[in-house]
Amino acid sequence: MNTRRRSQQRFQPWLLAAIPVAIAGFAPAALSAQAGNVHYLRSVQYDFEMPEGMPPERMAALRDRLAAQGTASMVLHFDGARSIMLPDADEEEATPRGGPGGSDRADRRALGMAMRLRMGSASRSDQEDLVQAYVDFGSGAMSETREFMGRTFLISGDRPTYPWKLGTEQREFLGYMVQQATAVHDGAEIEAWFTPQIPVQAGPGPYGGLPGLILVLSVDGGHMLYSATEVNLEGPGDFAIAPPTEGEMVTREEYETLVAEKLEEVRATGGAGNRRRPFDGGLR
């Protein structure tokens, strides 16, 4: 049986608005799947506002650059006991994080402007990037590698406990039955679509704890979006699922304190606050 399912189309909300389907309509072999990997496309919308008075051609170049910087291909490896998400090595080689490098003057200018806007923002999502996330399902322990303001941190602690509320509707995504779950955590509204056909409590990044693998996850109405593009249930192969080791070692409490202090410093020096961009950046 072919246990690899791929989508060439990025997730859009209407993809889950199809006719509801029942679990009985799917192959039962998937129900026993406990190991494999999932490829996700992660999109993040930045919070800073665009500068006014920019010529249209420069504005277009900046929008393209921001869209590239806010998009990344990630892969989640999992088995019945643990998981780790990290950048997709094949995609990274083809297109490094931040988008393809340009050689023309307009593209270099747009890249520089995008970097300055991010560095001057007091929004956490503009300054922070989740690189790796390891979770032990049994103990709940989590190790993350995050980049924040040019520094790389290795953060230890427990995976958050999300107060999931399960919905009743079922949809189809990548050939799997998915069910909706919602939660509010630290003021963020989270919507997940998980499949009980793959009975592992894994998901992208720190998200999980549901009775099935998360294939689509949205935070604050799409401010951050993970959408699965390929599911492979052929097992982990030669890949060893182990915690990350690179970065300055800190506890979760130490990291949160540092982030709060640094963002306050940016605000005190006139950095932009939590303001959403008035355009979609090409991510929708």
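Modeller: Happy to! A residue counts as buried when its relative accessible area is under 20%, as exposed when it is over 50%, and as partly exposed in between, using a 1.4 Å probe and protein chains only. Buried residues make up 49% of the 284 residues here. What you see is a predicted model, so local features need pLDDT of at least 70 and side-chain atom pairs count only at pLDDT 80 or more, while totals for chains, interfaces and linings use all residues. Residues are numbered from 1 along each chain as its sequence is written, and side-chain values use heavy atoms, without hydrogens and water.

Let's get our bearings. The protein has five helices and 13 strands (DSSP runs, H or I of at least four residues for helices and E of at least two for strands, numbered from the N terminus). Of the contacts (heavy atoms within 4.5 Å) with a separation of 6 or more, 68% join residues 24 or more positions apart.

Now for the inside. The largest nonpolar core holds 43 residues; such a core is a set of buried Ala, Val, Leu, Ile, Met, Phe, Trp, Tyr and Cys residues joined through side-chain atoms within 4.5 Å. Trp164, Leu213, Leu215 and Leu217 touch the most other members of this core. Among the strands that each supply at least two of its residues are E2 (36–44), E3 (71–78), E5 (128–136), E9 (176–185) and E10 (188–195).

Zoom in on Leu217 in your viewer. Setting aside neighbours within four places in sequence, Leu217 is in contact with Trp164, Ile190, Glu191, Ala192, Pro204, Tyr207, Met224, Leu225 and Tyr226. Trp164 counts as buried because its relative accessibility is 16%. Tyr162 is buried as well, with a relative accessible area of 9%.

There is also a second, separate core of eight residues, which includes Val250, Tyr255, Leu258 and Leu263. Look along helix H5 (residues 252–268): its buried residues are Arg252, Tyr255, Leu258, Val259, Leu263 and Val266. On the other side of H5, Glu253 and Ala268 are exposed.

Leu174 lies in the loop between strand E8 (165–173) and E9, and Leu174 has a positive phi of about 55° although it is not a glycine. Its relative accessibility is 15%, so Leu174 counts as buried. The loop between E11 and E12 contains Asp220. Asp220 is also not a glycine, and its phi is positive, near 55°. With 28% relative accessibility, Asp220 counts as partly exposed.

Where pLDDT is low, the predicted coordinates should not be read in detail.

Conventions
The expected span of a helix is 1.5 Å times one less than its number of residues.
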